[in-house]
Amino acid sequence: MSSLADRVPRSVSDLTPLRDLLDHHVVGHDEVKTALLLALITREHIYVEGPPGTAKTRLAEVAARGSDLDFFFYQLHRDTRLAELVGDIVLERRKVRTDGDAPGTAGEAERIHQRIEPGGLLTAEVAVLDDISRAPGEALNVLLRILNERRFGAEPIPLMAAIATGNPMDDEYYNEPLDPANLDRFALQLRVSGLIQSGVDDAKTLIDRFAAGSVVEQPDPEPVTDRATLDALNRRMYDVEVGPAVRAALLDVLRTLVLEFECNETNSLLTDRTFLVKAIKILRGAALLAGRDAVDLADLAALSWMTTFRVPPEAHEALPRIVGRVSRQIQAV
Amino acid sequence: MTLPAPDRRTAKLAGAFVDLRTALGRVLVGQDQAATGLTLALLAEQHAYLEGPPGCGKSELAAALASLSGARTHTLVFHRDIRETDLLGDVLLSRHRHPSHERLRRELIPGPLLQAEVALLEDLPRSPGEALGPLLRILAERQALGQALPLESAVATGPLEQVEAPIDPLEPGQLDRFAVQLRLTGLLTGQLFDEAAVLLERESARRPDRATHQPDGAAYRPDRAAHRPDRAAHRPDRAGPGPDAGETSAFPGTGGPAAPGSPATPLPAVMNTATRKAAQAAAAALQIEPRTLGAYHRLLDRLRQRSADESASGDRLMSDRSFSSAALRLVRAHAFLRGAPAAAPRDLGAIRYMVAHRLPDEVQEDFDHILEELLGDPPNVTMAETGAQMPGAQSQGDDSDGAAAASPASDSWIDDQADLPAPPTLFGKPPPPAQVDPLLRALVGRIERGRIDPDTDPGGQPRGYRPLRDLDELIDADAIEALLFAEGRLPGAPRTFERKRRSAGGAVAVLRDISASMAGRLTVWSSQVVLGILRVAARRRMRVGYVEFHHRALPHHVGGRLLHRSYSRLAEQAGQAKAVGQTNYEAPLRTALEGLRGGSGRNRHVVLLTDGLPIIGDTTVRRERQLARRLGVALHTVFLGNGDCPPVLDDISLETSGLRFCGRPLAGGGLRLEER
């Protein structure tokens, strides 16, 4: 299909302005930026864990504003109630006539219906859920179900991607461990660390650019792309081919995790939803971002954005190695 | 005895349900058994409970049942704060004027859930038991607010029982309301890689899903949404276009069936309501052959006997309610689906779909074998392959499904016997299990004694009502009463949820002797004891510590700490212990007490698990006993093995008000723990 080949390079350039915008407002964090773009075109949710002040929220906000999307920001807390996330609880009252309970008695009654006036998460296109680990797990399940099904009751919602942030789990006093089922709703999962804390070169750039005033505390970017572009990219994503070799490699990687690294239901979140359904989308998205019209074995590297909190640390760290080995075997065949 | 051949009408009705079974089977890859179970549940008008690991397609399958069956349906997602009005309906406040007085009354108007024919109860265990009690009673009685419900089947979904989940598992009594109980297995974690490959291939062919893909995003912009205030969140929705909606493709818009995690386009119904109801009535009226009843009695005897043998799983339930009427309805449905004129013994295969929470896991795994043995004839034919055949046709199919159906659902490790992650095997076969229940019960008693009642906590579970004390609490108040209160029409304050949370306090450290003398069976048994204690601690969100010891203490730190809540990681450790070295009590006790020293609160426990006398270190552990007394830590001792219990263990426990237990190997293998 020559038409497809023509379109694909454009798809990459479609997102270049947004990537530039992210680069302009946020220094470093290349992986998170790529993963954010990936989340927007694959319409998957993303969970970013890192210490306070590592530009987690800022990245999400710039991405949302830059693509002219409706944006909902919510800081979760211990007392988070459903209504705060989905809108207001409304009581509707209607007078009705009833028969009196004895002959000859007049009856009047009022019917009260309780419903939710959609707001917040239900009307947003990008939602940023800050400090998701602070909300008690039992309060989160409705939220996360909304995220997963992208509908509330019978109504579809316009949400494209939710970006959740959390703090590292070491501090067990303030954080509730996220329920595994909840964590699984975020297909992409990344861990970030502060630039200054980790002493990377970007730290110097960050300080220089703040000093020069080219990075400001409260960015208010103009839109550089829009929903229609992202929608078109999302449709195009489904044209990206996933060949048998890639599928075989993906399955081999998963098999290795299960059989060799003994990932099971107690130590991992190796769910079918994520690794058999969403993984295909992520791979297609990664290929699209790289300007290809078919998924390549190299795209399997994106799998490590899915395993961060889903498999034991040693398995996650070994993933690039596993992917490399499996790719070589597949290529040899 | 000659039975009348089923007439054409009956065959047609059965055919509709066979079609349903076939269509359901296509919804998920590799979950045929669940598809059959759900079909039987609807045909027999029984409730079903679907459980499985996250992301295996539970909700998908339940939703597919609702839309394929053409039933009026309502979905309710359970959560912590679910309220009476969500479950039941709107409130009707009525005022009746009488000549002498005025009567105010508050009533409920049946809401969408009570009008549903198939009710989908998502994440059922997420709601506190208090909210579930009334609902489950309504489900069982099929009537509410003084009227009979049109409900045919309620399908509930729930997670696998998992210790680190912040929810309490459903009680057996609550689960018993669901006659059909199905456990789904993840394809990856269940190592069903062939099925996984099929699913990957399907996903690779997937096209954009029309239901969720809105090319015109603007249509769902909030400004538009604001113009549609009538679109309430909870309303009865007829899932799926009716038979006359003109959809002919079985799976519109997608290149193949839905997959877990993808919001499904509602599937078109394969039958209408009249057909469904007629089939249900016909199935319920089906005769049961006398020999089937005889076989059923024998089957129950066998199941009871086998369950009693697996004594460690004593909390399973074979209730009269389920195993009389519900079971027979399912057996009839099985026969009906098969197109048989009466229920034959092999239709007892339907009982398999009932047992996920009613029988010990070993017995479940063996179910097909038990039934086969009982029937003493060709292998039991199950629905899966009959479903694929001609509607209404009698099946003589081979037993291709038998093996698949018998493959055990893999369990989370807290499920009784499935506890042990890869138990060390001896002589190729694991030894009979240790009966750890007496110890655990006593330990739970101690822990509960040391616990304070659940604390009031604004983020906790609603555990009842109390009057409003503060206007801030209006958010949690009963909305109707709050309204009346605001209008000055309510005498007194509106009621508001009282939220409580079990205090997550307390800690337990397990000290496990892994010296050379513990080799063999004792290692396996002590693993089981450790896992049992972990389970107890996990339920109460207590921090746990695990120290293995021989001549030295080998604490297992997580994140640099002895005490933590990584239960499953410890569970794995406990399964891997290797016996080596000599016994030293002093080192592990000191390690544990040092770890407990920083904490506070009354609820701190150490369980010392050993089989012998200390040889190395201070054998009387005098200093450690003193320290434990000062810290208020209870030192419980468990002595395993045949020898005499060293007196020092008694001293340790008596001085610190700890429990004293010993484990005696039983004659037939196994180990019983009893108080010393």
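1. Two residues are in contact if their C-beta atoms, placed from the backbone, lie within 7 Å. Keep that in mind as you look at this predicted model. Among the contacts in chain B between residues at least 6 apart in sequence, 78% join residues at least 24 apart. For chain A, the share worked out in this way is 80%.

2. Here is an overview of the two chains. Chain A has 333 residues, and 50% of them count as buried; its helices number twelve and its strands nine. Chain B has 676 residues, with 51% counted as buried, and it holds 23 helices and 21 strands.

3. Which order do the strands take? As background, strands of a sheet pair through backbone hydrogen bonds, either parallel or antiparallel.

4. Strand β1 (residues 46-49) of chain A pairs with strand β8 (residues 161-166) of chain A in the parallel sense, over four bridges. To find your way between them, pick out A:Tyr47, which stands opposite A:Ala164 in β8(A).

5. The buried residues are A:Lys56, A:Leu59, A:Ala60, A:Glu61, A:Val62, A:Ala63, A:Ala64 and A:Gly66. Notice that A:Lys56 and A:Glu61 are on that list. After α3(A) comes A:Asp68, whose phi is positive, near 55°.

6. Helix α2(A) also meets another helix. At what angle do α2(A) and α11(A) cross? The axes of α2(A) and helix α11 (residues 272-289) of chain A come within 9 Å and cross at roughly 115°. Angles of 65 to 115 degrees count as roughly perpendicular, and therefore α2(A) is described as roughly perpendicular to α11(A). The crossing of α2(A) past α11(A) is right-handed.

7. Which residues make this helix contact? From α2(A) come A:Thr34, A:Leu37, A:Leu38, A:Ile41 and A:Thr42, and they meet A:Lys281, A:Ile282, A:Gly285, A:Ala286, A:Leu288 and A:Leu289 in α11(A). Sorted by class, the contact has seven nonpolar, three polar and one charged residues.

8. Why does A:Pro118 count as buried? The reason is that A:Pro118 has 23 C-beta neighbours inside 10 Å, and 20 or more are needed for that label. A:Pro118 and A:Asp88 are 30 residues apart in sequence and 7.0 Å apart in space, C-alpha to C-alpha.

9. For contrast, turn to B:Ala205 in chain B. This residue lies in the loop between α8 (193-204) and α9 (222-225) of chain B. B:Ala205 is exposed, because 12 other C-beta atoms lie within 10 Å. From B:Ala205 to B:Thr273 there are 68 residues in sequence and 34 Å in space, C-alpha to C-alpha.

10. Finally, here are two loop residues to check by eye. A:Glu262 is not a glycine, although its phi is positive at about 50°. A:Glu262 is found in the loop between α10 (244-260) and α11 of chain A, and with 14 C-beta neighbours inside 10 Å, A:Glu262 counts as partly exposed. In chain B, B:Arg142 has a positive phi near 55°, and it too is a residue other than glycine. B:Arg142 lies in the loop between α6 (129-141) and β6 (143-144) of chain B. B:Arg142 counts as partly exposed, because it has 14 C-beta neighbours inside 10 Å.

Methods. Residues are numbered from 1 along each chain as its sequence is written. Chains are lettered from A and ligands numbered from 1 in the order in which they are written. This is a predicted model: local features need pLDDT of at least 70, side-chain atom pairs count only at pLDDT 80 or more; totals for chains, interfaces and linings use all residues. Two strands pair if DSSP finds at least two bridges between them. Axes are lines fitted to C-alpha atoms, for helices over the stretch in contact, and angles run from 0 to 180 degrees between N-to-C directions. Angles under 35 degrees count as roughly parallel, over 145 as roughly antiparallel, 65 to 115 as roughly perpendicular and the rest as oblique. A crossing is left-handed if the near helix is turned anticlockwise from the far one by less than a right angle, and right-handed if clockwise. Ala, Val, Leu, Ile, Met, Phe, Trp, Tyr, Cys and Pro count as nonpolar, Asp, Glu, Lys and Arg as charged, and the others, Gly among them, as polar.
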